[in-house]
Amino acid sequence: MSPDSLPPDIRDTDLAPDVLEPELERTWRTPRGLIGALSTVDHKIIGRRYLVTAFIFLAMGGVLAMLMRLQLARPENRVLPPDLYDQVFTMHGANMMFLFAVPVMEAVAVYLVPLMVGTRNVAFPRLNAFSYWMYLAGGFTLWTAFALDMGPDVGWFAYVPLSGPEYGSGKRADIWAQMITFTEVSAMAVAVEIVVTVLKQRAPGMSLDRIPLFVWSMLVTSFLIIMAMPAIMVASTSLILDRLVGTHFFNPAEGGDVLLWQHLFWFFGHPEVYIVFLPAVGMVSTIIATFTRRPTFGYLALVMALIATGILAFGLWVHHMFATGLPRLGESFFTASSMSIAIPAGVQIFCWLATLWLGRPVYRTPLLFVLAFFVTFVIGGLTGVMVASVPLDTQVHDTYFVVAHFHYVLIGGAVFPLLGAIYYWYPKIVGRMMSERLGRWVVGLLAIGFNLTFFPMHLLGLHGMTRRVYTYQVEMGWGGLNLFVSLSAVLLACGFALFFFDAIRSSWIGEPAGDDPWGGPTLEWSTTSPPPPYNFRHIPIVRSGQPLWDDTETLTVAAGLRVDRRELVVSSVAEALPEAREASPANSIWPLWAAIASTVMLISSIFSPWAVVWGAVPIAVALIGWFWPKGTPEDEA
Amino acid sequence: MAATSRLASCLPALLCAGCGGWQSALQPGGEQAGHLKVLIQLFTIVCGIVWLLVMLVLAAGLWRRHSGTPTGAAAERRSARLVGAATAASVLVIIGLTLASYVATHGLAAAGADPLVIRVRGSQWWWEVTYMDPSPDRTFLTANEIHVPVGRPIRVELAASDVIHSFWAPNLAGKQDLIPGRDNALSFTVDQPGLYREQCAEFCGLQHAHMAMLIVAEPAASFDAWRDGQIAEPPAPNDAEQAAGRLVFTGKACAACHTVRGTPAAGTLGPDLTHVGSRRTIAAGMLPTTRGSLAAWIADPQTIKPGNNMPMVPLTADELNALAAYLASLK
């Protein structure tokens, strides 16, 4: 790129502020109308779509959970027949993990990371658009199959041989495996975008030690996604091959191996827990800093803890397989590694406690969610230490004790911080505040409802109640606790319903938020709410970890970007020294066509292996259209 | 035989005592489960204390007066020391718990001499049980109920014929999976005579919820008597109705899947029914064994246990009655 050689080269330095903004708006905006909506590559619009879609899947998964509680409320209940119950619990798990938990965290990142690092769009914005369409298609495929009574019924873990060609009837297991392909393609795409955005597009001066903790957490999470998800894609693809063309990856009679599936699945499945939890660490750190009016204590320790958790996450998958009869030495190793991950988690908790001690807490809804997180997540972490012990795990594995444990970790540890983050960033995204009064009710109902629902499950597990049973006999003596759990679940559901009500209502009649309603320290609060299509009029220059607190006057800005084409600053990895101006791709309809072509190929390949052959043609056409130079100013770069 | 009937007569009492406790990790009936219960208690207490400490620090941090909060470098340094100390303390707790876990594993691994070997084979959705013996004519096959002598080490060898199952009798030991293509084993000793329940713990399809069996732990003498009874062929029908039932059994589809030793019925797809009348439950722990429940099960197995592999065989009312009488007589 040679900066000064291009003639129609209008720079932001050449224009007065009142001319500059309309010009930037014209360059970066999403055109009105259907075509505009379908071809946008604006990370804020795509992030918003991701968020709304993920929360719709949360609500649908919640309905499934309530159906299960209805069935289990009484012994030998006959509300759901076993076939439907198996579909319901499989859908609940697969939906919550693949269509809600991972995408919702990535959605927050897609929206916020570019704003927090001070750039105008994510890296690879068209890939971003493609990833959303793939995610939507995957979710649509799964739920359509369920509506047609073709929903997967083999558990979200789909163990072979139950999911294999001999025992997995119909196309149910194939639907599960192909849904994995959709959601993993989309998750990997977003992970790559986040990594590149964070490493190469930070505002000048935002050196590694000034990156906001939420951005750090998403960077580590994205690396986890890139390293963990290929394992599940290998597994699900091998399963489809076993089922469709008669390979024998998992068939012991033909030299395959049943446990290979479990190794591949959990090599992904355990990091998956941290893929969901680490963003929550970033959210908690952000909320605590803003509402104690001081930087989070132990920035370096927290970053190190994030990275340590990310590395250790790959060394403990075998603790999901302690009952499979692996050699004892290996089991002892995995006990030690599983327990050691409690140490970085402890460091995080201690740093947050120190921040609360040193700061002056302001009890607004986001901080209340963080307090609910403390009470519940610590229980989940400690029961995690319990299941890490091989002998102890042989008693609680595959029982309701484990159901309690991972809901404490996933809801207490990730969903509570997520809802706190929604209350925190909603004003930035929507431009209006959520209700503080309703918010307090939401926190109360969720915290109480959650603990009443899930704590008794620990006891049920120790008293012998196994997981994934569609019913239990009267003489087992589990009826009382199960009824209590089911009634408490109603309370929990009310909490979620109230949250949805507040979120929808506030978008209409919420109090206007202004740029920075909480007095937050990070760059996203320096622009308008909601931000303009170009995010920042000028790219800010960062001189501290809390730019909005430490640069009390006005932010210094970098200038010299072109305004007649989409252009952003590329900076160096460590010091974030500006290196170049880089064109950012304009809106395009082709990512949608590419996603449609991929969807046709992936769904057809459930039924015929030849779909991979003929289905590749439309995909190739769409990709050629995607990358064909169209003579826009961005193509010059 | 006398010992068996004595045990049978005290069965109602045992059943009641078992309510809510016959499948529980917290009511150990043997050495291994006892160790595991101690380990569970240790972890629960340590984790409970840690949780309380964290909550106390949190509550104290929120309730203290923040107006006079010391700020500046000194407060930060003190906090850094405290965070460091807390981290060091958690490292020590983690090391302690890991060692406790390791010691417990070693305690469980020590297998006793001269174990009674029982082979258990999991199928959708029932358990095939083979009692091994050095002399082949004392090796026998049964299903969905295990008897074990108190005080003698038991070695359960686990295999699966279709999908993965898991053998879990929480009062006696931790669980172990039954995996196609792999051989697993589980060792335990029972101290307390009584009735325990075992249930499949790995999701194995439609009737995963109804794949259980009873484990009867009894003194060595009663166990030997039971075993002799099981090795023997069942008594011949002693009335006309039972004889008619036997004819139905061998003449209709029953014999294609089930075995009753001493008769032409030699099917192996379903449970061995040679002494089905002596077992406490039918259909893998679902129903108590009575003439009535046998008749109900045969008349409509798909309503009682939807999806299971037993078809509904059309029978007249008389045939059904006779068949149930015959099966109930197979003590």
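**Entry 1: domains of chain B**

I began with chain B, which is divided into domain 1 (31–109), domain 2 (116–229) and domain 3 (240–328), the bounds coming from an automatic or database domain assignment. I looked up the C-alpha centres of domain 1 and domain 3 of chain B, and they lie 57 Å apart.

I note that this is a predicted model, in which local features need pLDDT of at least 70 and side-chain atom pairs count only at pLDDT 80 or more, while totals for chains, interfaces and linings use all residues. Residues are numbered from 1 along each chain as its sequence is written, and chains are lettered from A and ligands numbered from 1 in the order in which they are written.

**Entry 2: where chain A meets chain B**

I then looked up the interface, where 64 residues of chain A are in contact with 64 residues of chain B; two residues are in contact if their C-beta atoms, placed from the backbone, lie within 7 Å. On the side of chain A that touches chain B, the elements giving two or more residues are helices H4 (82–117), H8 (258–292), H10 (328–340), H11 (342–358), H12 (365–388) and H13 (390–396) of chain A. Helices (H or I, at least four residues) and strands (E, at least two) are DSSP runs, numbered from the N terminus. H11(A) gives the most to this side, with twelve residues.

I sorted this side of chain A by class and found 40 nonpolar, 17 polar and seven charged residues. Here Ala, Val, Leu, Ile, Met, Phe, Trp, Tyr, Cys and Pro count as nonpolar, Asp, Glu, Lys and Arg as charged, and the others, Gly among them, as polar.

**Entry 3: two helix pairs across the interface**

Two packed helices are described by the angle between their axes and the distance between the axes. Axes are lines fitted to C-alpha atoms, for helices over the stretch in contact, and angles run from 0 to 180 degrees between N-to-C directions.

I turned next to H10(A) and H4(B), whose axes come within 10 Å and cross at roughly 160 degrees, and that makes H10(A) roughly antiparallel to H4(B). Among the residues that meet are A:Arg328 and A:Thr335 in H10(A) and B:Tyr102 and B:Thr105 in H4(B). By class, this contact has six nonpolar, six polar and one charged residues.

**Entry 4: backbone details**

I looked up the peptide bond between A:Ser529 and A:Pro530, which is cis, with omega about -15 degrees; A:Pro530 is in the loop between helix H16 (479–509) and strand E1 (539–540) of chain A. In chain B, the bond from B:Gln124 to B:Trp125 is also cis, with omega near -5 degrees, and B:Trp125 is in the loop between strand E1 (116–123) and strand E2 (126–131).

Is A:Asp149 buried or exposed? I found A:Asp149 exposed, with 12 other C-beta atoms within 10 Å; a residue is buried if 20 or more other C-beta atoms lie within 10 Å of its own, exposed if 12 or fewer, and partly exposed in between, with C-beta atoms placed from the backbone. Phi of A:Asp149, which is not a glycine, has a positive value near 60 degrees.

Technical notes. Angles under 35 degrees count as roughly parallel, over 145 as roughly antiparallel, 65 to 115 as roughly perpendicular and the rest as oblique.
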